[in-house]
Amino acid sequence: MDVEIEEQATPSAEGAEAPDGEVLGRMIREARKAKNLTLEETARAAGIGRSTLSKIENNQTRPSFDIIRRLTQTLGLETPQLFVQAPQSNISGRRDFTPAGQGEVKDTPTYHHELLCNELSSKRMLPYISTIRARDVSEFDTWVRHTGEEFMFVLSGELIFHSEHYRPLKMRVGDSIYYDSGMGHCCTTVGDEDAVVLWISLDI
């Protein structure tokens, strides 16, 4: 007989927690439903208890960094906000360093992300380099949206920035854009060469 083991959704050794339980729960629930997965199917794939997942979706618990990482991978979430899991710190004089090409990789069907300066567990700003794999908006299950604001700078290639309130915007090398992350958005590459961008996401 299978017995569900209730997981203790406590902070990891680094003290990392989700930044906003209500937003996180809603994102996970919407991603799960978009893939037509039940609570039980999702929990099993992520290696957590069904009741734990239910509590996360309903903001009844604060999941650990490891649990969120497993859910992110299971659901293919590509929301930058979920990359930052730690509460804010009052420590000053911090610094972080990422050698070229050695960022933390997050792969999705539409984007290839390389997270930069990822050793700090407490920060509000998230810098990362992304390769835009998608060629059409139909490749996205839903709009990408999260709390905060975002800056994007095109490093190579050409892309189209799609958003729910504006006409598609074509962008080339050297172009940049600053926008409200809560507005549904996504990017698609134009041409054969995958566009590469620098993204800076700020959780405010």
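This section describes a helix, a sheet and the aromatic pairs of a predicted model.

Helix 4 spans residues 65–75, and its buried residues are Ile-67, Ile-68, Leu-71, Thr-72 and Leu-75. These residues lie on the same side of helix 4, because the arc they cover around the axis is only 135°. An α-helix has 3.6 residues a turn, so residues three or four places apart point the same way. The packing partners of the buried residues of helix 4 are helix 1 (21–34), helix 2 (39–46) and helix 3 (50–57).

Six strands form an open sheet in the order 1-2-3-9-4-7, and their pairing is antiparallel. From one strand to the next, the twist averages 25°. Within this sheet, five bridges join strand 2 (residues 111–115) to strand 3 (residues 125–132) in the antiparallel sense. Leu-115 has Tyr-128 of strand 3 as its bridge partner.

Four aromatic pairs are found in a search of the whole structure. One of them is formed by Tyr-111 and Trp-199, whose ring centres are 5.5 Å apart. The planes of these two rings stand at 75°, above the cut-off of 60 degrees, so the pair is edge-to-face. Tyr-111 belongs to strand 2 and Trp-199 to strand 9 (residues 195–202); the pair thus links distant parts of the chain, 88 residues apart. Tyr-111 is buried, its relative accessible area being 3%. Trp-199 also counts as buried, at 3% relative accessibility.

A further pair consists of Phe-161 and Tyr-179, with ring centres 4.7 Å apart. Here the planes are at 55°, so the pair is classed as tilted. Phe-161 is located in strand 5 (residues 158–163) and Tyr-179 in strand 7, so the pair ties together parts 18 residues apart in sequence. Phe-161 has a relative accessible area of 3% and is buried. The relative accessibility of Tyr-179 is 5%, and this residue counts as buried.

Ring pairs also join Tyr-111, Tyr-128, Phe-140 and Trp-199 into a cluster. Of these residues, Tyr-128 is the bridge partner of Leu-115, while Tyr-111 and Trp-199 form the edge-to-face pair.

Technical notes
Residues are numbered from 1 along each chain as its sequence is written. This is a predicted model: local features need pLDDT of at least 70, side-chain atom pairs count only at pLDDT 80 or more; totals for chains, interfaces and linings use all residues. Side-chain values use heavy atoms; hydrogens and water are left out. Buried means under 20% relative accessible area, exposed over 50%, partly exposed in between (1.4 Å probe, protein chains only). Helices (H or I, at least four residues) and strands (E, at least two) are DSSP runs, numbered from the N terminus. The arc is that of the directions from the helix axis to the C-beta atoms. Contact means heavy atoms within 4.5 Å. Two strands pair if DSSP finds at least two bridges between them. Axes are lines fitted to C-alpha atoms, for helices over the stretch in contact, and angles run from 0 to 180 degrees between N-to-C directions. Rings of Phe, Tyr and Trp (its six-membered ring) pair if their centres lie within 6.5 Å; planes under 30 degrees apart count as stacked, over 60 as edge-to-face and the rest as tilted.
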